[in-house]
Amino acid sequence: MFNFASKTTVVFGPDTVQGLGKEAASLGAAKVLLVTDKGIVQAGLLEKVRQPLAEAGITVAVFDEVQPNPTTLTVSEGAQAARDHQADLIVGLGGGSSMDAAKAIAIMSVNEGPLEDYCEVFDAWPNPPPPVICLPTTAGTGAEVSLAAMINLTGQNVKRALFGASIQPAVAIVDPSLTLGLPSRLTALTGIDALSHAVEAYIAKDANPISDALAEKAIELVADNLREAYAHSDNLEARTHMLLASTIAVIACSSAGLGIVHSLAQTLGGYYDVPHGLSIAVCFPIGIGYNVPVALEKCGQVSRMLGTHTNGMSNDAAAHSVVDALRKLTTDLDVQDDLQSLGVREADLPRLAEICMEDGCTPTNPRPIDTTAFEALYRSALRPQE
Ligand SMILES: [Fe+2]
């Protein structure tokens, strides 16, 4: 038995941003807080979003202070901006950080908090937040359709999740033209994040036939398009397929859950302030390698979808080849980083392992794990020669 639901209306395709005013008006919005970051403003994307809202007669205030790995402090400032503007709709424009911040700002604009009291408990806040519309400018996080927002708890070096149906965006305007020209390094890292959502959903403890079908499609789209999108940033077809992959992958993992690739990566994101896609790229083979023994058939299938020829291999060898397939992909995308370059210190490993155990993605991992195993995984990657 399983349940499957996805509440977000997805409006997909080039130039769909022009329909934002209509979508906002249909939600009854009159005053919008637009949550984004300064890079988006400098890239000229803000105007593409503000204009259709203005044409629909909607008053727009802009909060562009979002940083990578948004903090409780940033959310608190954004929530004040929402109250000052009396916003009845929050629009998130950008990568995962801006969209997650938009969701958290929606909560904190009508709830007193503190924010950490609302983490890791479904719809924990007493007052329903205003609706959220998201417009992704990267193809990776899928936050435009997810019911979670990852926030760094200021002063605690820990990243925690707010999640609930009330912050799942009412509408996602998924417009590939907003991702054209994304720098190649960001294309690579966000694309790897999209793949990680699909693969983790595919082998997750709560995977089901619908999430499996979505995950397989997303893996196929990434396998066929990420290298091209990385090499040619203006290839609209590759961009379109990557954005479709990232949205589909998160619809899959919103149902099936994620696993320890995200536990390992989010812990580094919170502790060392590492960008999410980068920590995922480094932790992806480590986490999947741990899970291979309990997902032989599916790991073999992922490896084949990523281009491995497994004819003549045993099931076991085919499954384990997924780790090399992932390493080859990151190498092709010129991602050379490792735990050392991310700043991970051996002395921190016991604390990192404890944080991993508390991560919201650990319970849905297909293979049981404990603090000792988490520490061993980090250690083996930190000192692969030993
Ligand atoms: Fe992710």
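The largest nonpolar core holds 80 residues, and L195, I219, L268, I288 and V344 touch the most other members. A nonpolar core here is a set of buried Ala, Val, Leu, Ile, Met, Phe, Trp, Tyr and Cys residues joined through side-chain atoms within 4.5 Å. Buried means under 20% relative accessible area, exposed means over 50%, and partly exposed is in between (1.4 Å probe, protein chains only). Helix α8 (residues 236–256) gives the most to this core, with 11 residues. Another core, of 29 residues, lies apart from it and includes L33, V75, A87 and A101.

The model is predicted: local features need pLDDT of at least 70, side-chain atom pairs count only at pLDDT 80 or more, and totals for chains, interfaces and linings use all residues. Residues are numbered from 1 along each chain as its sequence is written, and side-chain values use heavy atoms, with hydrogens and water left out.

L195 touches I219, V222, F284, L306, L326 and L329, not counting residues up to four places away in sequence. Contact means heavy atoms within 4.5 Å.

Helix α9 covers residues 260–272. Helices (H or I, at least four residues) and strands (E, at least two) are DSSP runs, numbered from the N terminus. Of the 13 residues of α9, 12 are buried. Among them are H262, S263, Q266 and L268. The expected span is 1.5 Å times one less than the number of residues. For α9 that gives 18 Å, and the end C-alpha atoms are 18 Å apart, which agrees. Just after α9, D273 takes a positive phi of about 60 degrees.

The buried residues of α9 pack against these elements:

| Element | Residues |
|---|---|
| β6 | 148–153 |
| β7 | 158–163 |
| α6 | 184–203 |
| α10 | 276–291 |
| α13 | 349–358 |
| α14 | 371–382 |

Two of these, β6 and β7, form a hairpin with four residues between them. They pair in the antiparallel sense over six bridges. Strands pair if DSSP finds at least two bridges between them. L162 in β7 is the bridge partner of A149. In the turn, G155 has a positive phi of about 85 degrees. Five of the six residues of β7 are buried, so this strand is largely enclosed by the rest of the structure.

Is G94 buried or exposed? G94 is buried, at a relative accessible area of 0%. This glycine lies in strand β4 (residues 89–94). Beyond its neighbours within four places in sequence, G94 is in contact with I40, M99, L135, P136, T137 and T138. G94 and T179 are 85 residues apart in sequence and 9.4 Å apart in space, C-alpha to C-alpha.
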